[in-house]
Amino acid sequence: MSTLFYAGGGETFKIGYRRKIFDENRGGYDLVDGTTTLTTGSYNNSPILNSMFIKDKKENKFNIGYLVYLGFDLNFEEDLKYVIQQFKTEGITDLILDLRFNNGGSVELARYLAASIAGTSHRSNVFMRMQRNSGADEYIRFGDGDDLNLKSVRIICSEETASASELIISGLRGIDFPVKLFGSRTEGKNVGMEVQEYKYGNKYYEFAPITFRSFNAKDWGDYADGIDPDVMLNNQNSSYEDDIDNVFPYAFGDWDNFDFNYPLYWALCDVQGVDPTTGEPVKRSGRAGLTRSSKDEIIRVPSVPLKRPAGTFGSLIYNKPEVENLY
């Protein structure tokens, strides 16, 4: 890590790795070695890891938006809004929201995303009841979003899905909006903080004390132990043998390659209403080997052409007051 960190721009490093692959003929797992190459340089730290459309170009039965989102970071607010607006313009019929690596961030961005999913008919509904440490309540409503005209949403989650990501699930379920989860139990963080920054001398100190607990419109907020998925792909015990996806939550290779992105395959089958172990139009090839139907077309959403400062909030943040002097 030190060598990579201090390397100059344009240097390349070959990294070896090993993973388990299911052998359909043998009925067991093989250890497969591989390599990947890293090149040092300056990269955009946008939390939009991947976004694309999955279309049924033959029968036009569905147009699915797929978003892999890493964090509700206000530094990249326009990136998220750009993708959601592209989904709206394209007229998606369904949304698969991949939050398996998203450990949270801004309440305001979570509210915007939830409002875009729920639609304008729920604008005045309560998204979250914030119960402060003093016992006082503050209500946050869905408000305005870019209405995607959805009837349901499918979310991929893992033990790394936390805080603002869990707030999306809780808030939507609070208004009985259909949410179906694929993956493993979420982390469990139903509390949040208000960040305060103080200056002392020429140094800045940031404090983020826990100041509130969150509840949805049904007054439910009991997920300190996480939220269980509807479709368990990995039960998080010590054995891989009883899991549907033995490498979850990590996806390798292209996001639209079902050999590597098994959770997307299961969610896609659910959209189409077919059994993922036998169903059409997606054809199954082994436990970990899947191929997309020729009727499905992948169209990637281009990255938003914006440059923004790096920095990701790692949890549920309500606001960030102006800099104050400590003394």
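The stops below run from the whole chain to single residues.

**Ground rules**

This is a predicted model: local features need pLDDT of at least 70, side-chain atom pairs count only at pLDDT 80 or more, and totals for chains, interfaces and linings use all residues. Residues are numbered from 1 along each chain as its sequence is written, and side-chain values use heavy atoms, with hydrogens and water left out.

**Whole chain**

Helices (H or I, at least four residues) and strands (E, at least two) are DSSP runs, numbered from the N terminus. Now colour by accessibility. Of the 327 residues, 47% count as buried. Buried means under 20% relative accessible area, exposed over 50%, and partly exposed in between, using a 1.4 Å probe and protein chains only. Then look at contacts, meaning heavy atoms within 4.5 Å. Among those between residues at least 6 apart in sequence, 71% join residues at least 24 apart.

**Helix α5**

Select residues 262–272, which make up helix α5. Ten of the eleven residues of α5 are buried, so the helix is largely enclosed by the rest of the structure. Among the buried ones are Pro263, Leu264, Ala267, Leu268 and Cys269. Step past the end of the helix to Gly273. Its phi is positive, near 75°.

Go back and show the side chains of Tyr262 and Trp266. How far apart are they along the helix? They sit four residues apart, about one turn. An α-helix has 3.6 residues a turn, so residues three or four places apart point the same way.

**Aromatic pairs**

The structure holds eight aromatic pairs. Tyr262 and Trp266 form one that is tilted, 6.3 Å centre to centre with 55° between the planes. The rule: rings of Phe, Tyr and Trp (its six-membered ring) pair if their centres lie within 6.5 Å; planes under 30 degrees apart count as stacked, over 60 as edge-to-face and the rest as tilted. Tyr262 is buried at 4% relative accessible area, and Trp266 is buried at 14%.

**Charges over rings**

Two selections here. Pick Lys81 and Tyr112: the lysine lies over the face of the ring, 5.3 Å from its centre. Pick Arg129 and Phe215: the arginine lies over the ring face at 4.2 Å from the centre. A charge sits over a ring if NZ of Lys or CZ of Arg is within 6 Å of the ring centre and within 35 degrees of the ring normal.

Leaving aside neighbours within four places in sequence, Asp137 is in contact with Arg129, Met130 and Gln131. Asp137 belongs to strand β7 (residues 137–141) and is partly exposed, at 38% relative accessibility.

**Two buried loop residues**

Select Asn102, in the loop between β5 (94–98) and α3 (107–118). Is it buried or exposed? Asn102 is buried, at 0% relative accessibility. Beyond residues up to four places away in sequence, it touches Tyr69, Leu70, Gly71, Phe72, Glu160, Thr161, Ala162 and Ser165.

Next, Ser163, in the loop between β8 (153–157) and α4 (164–174). Its phi is positive, near 60°, and it is not a glycine. Ser163 is buried too, with 0% relative accessible area.

**The loop from β14 to α5**

Most residues other than glycine have a negative phi, and most peptide bonds are trans. Select Gln236, in the loop between β14 and α5. Its phi is positive, about 70°. Gln236 is partly exposed, at 35% relative accessible area.

Move to Pro249, in the loop between β14 (231–232) and α5. Which way is the peptide bond from Phe248 to Pro249 set, cis or trans? The bond is cis, with omega near 10°.

**Last stop: the largest pocket**

Select Tyr240, Asn246, Val247, Phe248 and Tyr250. Of the 17 residues lining the largest pocket, these lie nearest its centre. A pocket, on a 1 Å grid over the protein atoms alone, is an open set of points where a 1.4 Å probe fits, with protein on both sides within 12 Å along at least five of seven lines; lining residues have an atom within 4 Å of a point.
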